[in-house]
Amino acid sequence: RGLGLSVTSPDHGPHMLGVRLPAAALPGVAAALAAAGVHASVRGASLRLSPHLWTTEEDVARLGEALGEALR
């Protein structure tokens, strides 16, 4: 939320999370995440995340930092 992003429809499995991305971020977000070691995929105008039991606070922080870079 601090980055101005919102979650897509909650009508999906509990293991998946979709985050709406602004159009300006779409071209570079996948590369920014990959460079930070974040495994995620871009589907249309959304970022698909699948956190699991072994996702750490450091992993989530790395995701936030990479998204912040991509949105600049």
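**Exercise 1.** Determine whether Ser-46 is buried or exposed, and state where Ser-46 lies.

*Solution.* Step 1: Ser-46 has a relative accessibility of 19% and therefore counts as buried; buried means under 20% relative accessible area, exposed over 50%, and partly exposed in between, with a 1.4 Å probe and protein chains only. Step 2: Ser-46 belongs to strand 4; helices (H or I, at least four residues) and strands (E, at least two) are DSSP runs, numbered from the N terminus. Step 3: when neighbours within four places in sequence are left aside, Ser-46 is in contact with Thr-8, Val-19, Arg-20, Leu-21 and Ser-41, where contact means heavy atoms within 4.5 Å.

The model is a predicted one, in which local features need pLDDT of at least 70 and side-chain atom pairs count only at pLDDT 80 or more, while totals for chains, interfaces and linings use all residues. Residues are numbered from 1 along each chain as its sequence is written, and side-chain values use heavy atoms, with hydrogens and water left out.

**Exercise 2.** In what order do the four strands form the open sheet, and which are the edge strands?

*Solution.* Step 1: the order is 1-2-4-3, with antiparallel pairing; two strands pair if DSSP finds at least two bridges between them. Step 2: strand 1 and strand 3 (41-43) are the edge strands, each pairing on one side only. Step 3: strand 1 (residues 6-7) is joined to strand 2 (residues 17-20) by two bridges, and Val-7 stands opposite Val-19. Step 4: four bridges link strand 2 with strand 4 (residues 46-49), and here Arg-20 has Ser-46 as its bridge partner. Step 5: three bridges link strand 3 with strand 4, and Val-42 has Leu-47 as its bridge partner. Step 6: strand 3 and strand 4 form a hairpin with two residues between them, and Gly-44 in the turn has a positive phi of about 65 degrees.

**Exercise 3.** Which elements give two or more residues to the largest nonpolar core?

*Solution.* Step 1: this core has 12 residues in all, among them Leu-5, Val-19, Leu-47 and Ala-70; a nonpolar core is a set of buried Ala, Val, Leu, Ile, Met, Phe, Trp, Tyr and Cys residues joined through side-chain atoms within 4.5 Å. Step 2: helix 1 (26-35), strand 4 and helix 2 each give two or more residues to the core. Step 3: helix 2 gives the most, with four residues. Step 4: leaving aside neighbours within four places in sequence, Ala-70 is in contact with Ala-25, Val-29 and Ala-32.
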